[in-house]
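Colleague: I would like to go through the labels on this model. Tell me what each one rests on.

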Amino acid sequence: MPAKDSKTASEPQAPPEITGQSSLPMARIKKIIQLDEDIVQCSNNATFVVAMATELFIQYLTEQGHNVVKSERKPRKTIQYKDLATAVSRIDNLEFLADVIPKTTTYKQFKEKRAKETAKDTGVEKGQRTLNGALPPAPEVDADAQDGKKEASVPRGSRPPTVMSLVDGGAEPQTKDDDVEMADS
C-alpha cells in the first residue's frame, strides 16, 4: 500500500491555523473605524475582531460566488463580478448587499425599463385631457427604441382644432373650446 502523505482533492481541508494575525492591515481598519462619528475610541482587540470578522465575511462571499461558478455548465477557474451578483440575488443571507452588488443589465434592457418607468410616472391615460382641454404632450420616442416601427399618429378628430385670435393685434393660437375668455376692448 502506498503511503498517504499527499492530500487528495476529496479530503476536507483542515481549518486554517490560528496565528493571532489578520491578513488585512490593522492600521487601515483603525482608520475606517475612526471615520464613524459615533465611535470615540476602539481598542486593539476590538480592531482585531473586526478584521477577523471581515476576513470571514469575504471568505463566505467568495465561497458563494465559487458555488455559482461551479453550477454553470462550463465552470471557470475565476470568479467574476456577475458570479458575486448572482450569489447576492440568490442567497438570503447576502440580500443586504443588493444595492452594493447589483446584477448587471444590458443598455437595451436599461432603456426598456426606464421607458416603462417614465410611462408609469406620467400617469396619463388614453384620451385624458389637461385642464385647458388640450391633450398632454406625447412622450418623446427614441428612434432606436422604435425598432423600425412607424411613428404612432394621433387620429385627426382627437385634438381640438386650432383657432387664431386677433385680439389686441397679435395672433396667438388657441384651442377651440366651449369656455372662451373674451378680452375687454
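Modeller: Keep in mind that the model is predicted. Helices H1 and H2 are labelled roughly perpendicular to each other.

Colleague: Why are H1 and H2 called roughly perpendicular?

Modeller: Helix H1 (residues 26–34) and helix H2 (residues 44–70) pack at an angle of about 100 degrees. The label covers 65 to 115 degrees. H1 and H2 are therefore roughly perpendicular. Their axes are 10 Å apart.

Colleague: Which residues in H1 and H2 meet?

Modeller: From H1, Met26, Ile29, Lys30 and Ile33. From H2, Asn44, Thr47, Phe48, Val50 and Ala51. The residues of this contact divide into six nonpolar, two polar and one charged.

Colleague: How many aromatic pairs does a search of the whole structure find?

Modeller: One. The pair is formed by Phe57 and Phe96.

Colleague: What makes the pair of Phe57 and Phe96 tilted?

Modeller: The centres are 6.1 Å apart, and a pair needs centres within 6.5 Å. The planes make 40 degrees. Stacked is under 30 degrees and edge-to-face over 60, with the rest tilted. So the 40 degrees of Phe57 and Phe96 count as tilted.

Colleague: Why does Phe96 count as exposed?

Modeller: Its relative accessibility is 56%, and exposed means over 50%. Phe57, at 31%, counts as partly exposed.

Colleague: Which residues of H3 are buried?

Modeller: Asp83, Ala85, Thr86, Ala87 and Val88. These buried residues of H3 pack against H2.

Key
Residues are numbered from 1 along each chain as its sequence is written. This is a predicted model: local features need pLDDT of at least 70, side-chain atom pairs count only at pLDDT 80 or more; totals for chains, interfaces and linings use all residues. Side-chain values use heavy atoms; hydrogens and water are left out. Axes are lines fitted to C-alpha atoms, for helices over the stretch in contact, and angles run from 0 to 180 degrees between N-to-C directions. Helices (H or I, at least four residues) and strands (E, at least two) are DSSP runs, numbered from the N terminus. Angles under 35 degrees count as roughly parallel, over 145 as roughly antiparallel, 65 to 115 as roughly perpendicular and the rest as oblique. Contact means heavy atoms within 4.5 Å. Ala, Val, Leu, Ile, Met, Phe, Trp, Tyr, Cys and Pro count as nonpolar, Asp, Glu, Lys and Arg as charged, and the others, Gly among them, as polar. Rings of Phe, Tyr and Trp (its six-membered ring) pair if their centres lie within 6.5 Å; planes under 30 degrees apart count as stacked, over 60 as edge-to-face and the rest as tilted. Buried means under 20% relative accessible area, exposed over 50%, partly exposed in between (1.4 Å probe, protein chains only).
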